[in-house]
Amino acid sequence: MVSSMKTVFGSVVYQSALEYLEDFMHSVDEQVDCDFSLFLLNDNISPEILKKRLLRYSVQMNIEHFDNKTPVQLRIELLKKAKHENVDLLIIGDCDDFFSNARVSNTINASIENPEYTFFYNELRDMQGISIMPVLPEYIEDFKEIGEYNFLGLSNTAINMRKISSDFIDSLEGYPYEIFDWYLFSRMLLEGGSGKRVDGCFTVYRIHENNIAGIQRFNEYNVKHEIEVKRKHYGSLKKYHKYYEEKYNQYQQVNGLQYLSERKKYFWWNLLRANE
């Protein structure tokens, strides 16, 4: 399908992920649809070193260098830049991951065929090519559908920039915690947005020491971590809807939680849930 929309693949690059950059860039450079450009926001890599690493690739690139911004602030800067540049579709990928070669083309086609959706998402696989989560739903239309867990990351999603405003992006400023993806897409859904799955493509999700969520495994440490993450998440959203205030209170009390230890695969933050 031929597209007239302005499409950008956006990512933040940083020093501790530099060893993975070749896999990332190769997968972006090998996309079967070439009608897109690459936005890279450089956190802390020497501009000279980064330039040398990128010389071999043919994809059209736009690089901006930043100092003294947090990972969350840099992701918000990516959204601001896409909005300022009148981008129609922003496809997002972490620079420590890589992607099947139809991710861009299939996401563009899905967005053309379904312009009413605010965001799009695709499957996540591990390095052996195995899906790391249960089957993702075909559609998501209510914030409660990701109320107790998340599958929308900043490496397997794309945003229809025509459906979000500059004011919305500005309202994300000041988010103080690390788990920004869950917050971002919850806010979109709270605003009445919706999402659609893109089939026939995937993101390869690399696990390493700087990966906050990782692949969920049921153990005592991960359960305690999830409780803390959910307290912060619900606390940040409770001013938007009573649902989150109720969840926040439930996770503060802890004793009303159900532990989901029998599952083989989990979404992120999916090891326990509050009893209804």
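In the predicted model, the charged end of K238 sits over the ring of Y248, 4.0 Å from its centre. A charge is taken to sit over a ring if NZ of Lys or CZ of Arg is within 6 Å of the ring centre and within 35 degrees of the ring normal. Local features need pLDDT of at least 70 and side-chain atom pairs pLDDT 80 or more, whereas totals for chains, interfaces and linings use all residues. Residues are numbered from 1 along each chain as its sequence is written, and side-chain values use heavy atoms, without hydrogens and water.

Rings of Phe, Tyr and Trp (its six-membered ring) pair if their centres lie within 6.5 Å, and planes under 30 degrees apart count as stacked, over 60 as edge-to-face and the rest as tilted. The count by this rule is 21 aromatic pairs. The pair of F151 and F267 is tilted, because the ring centres are 5.4 Å apart and the planes stand at 50°. This pair links distant parts of the chain, 116 residues apart: F151 lies in the loop between strand 7 (139–140) and strand 8 (157–160), and F267 in the loop between strand 10 (257–259) and strand 11 (272–274). Strands (E, at least two residues) and helices (H or I, at least four) are DSSP runs, numbered from the N terminus. F151 is buried at 1% relative accessibility, and F267 is buried at 8%; buried means under 20% relative accessible area (1.4 Å probe, protein chains only). Both F151 and F267 belong to one aromatic cluster with F119, Y121, Y149 and F185.

How values were computed
Buried < 20%, exposed > 50% of the residue type's maximum accessible area, 1.4 Å probe, protein only.
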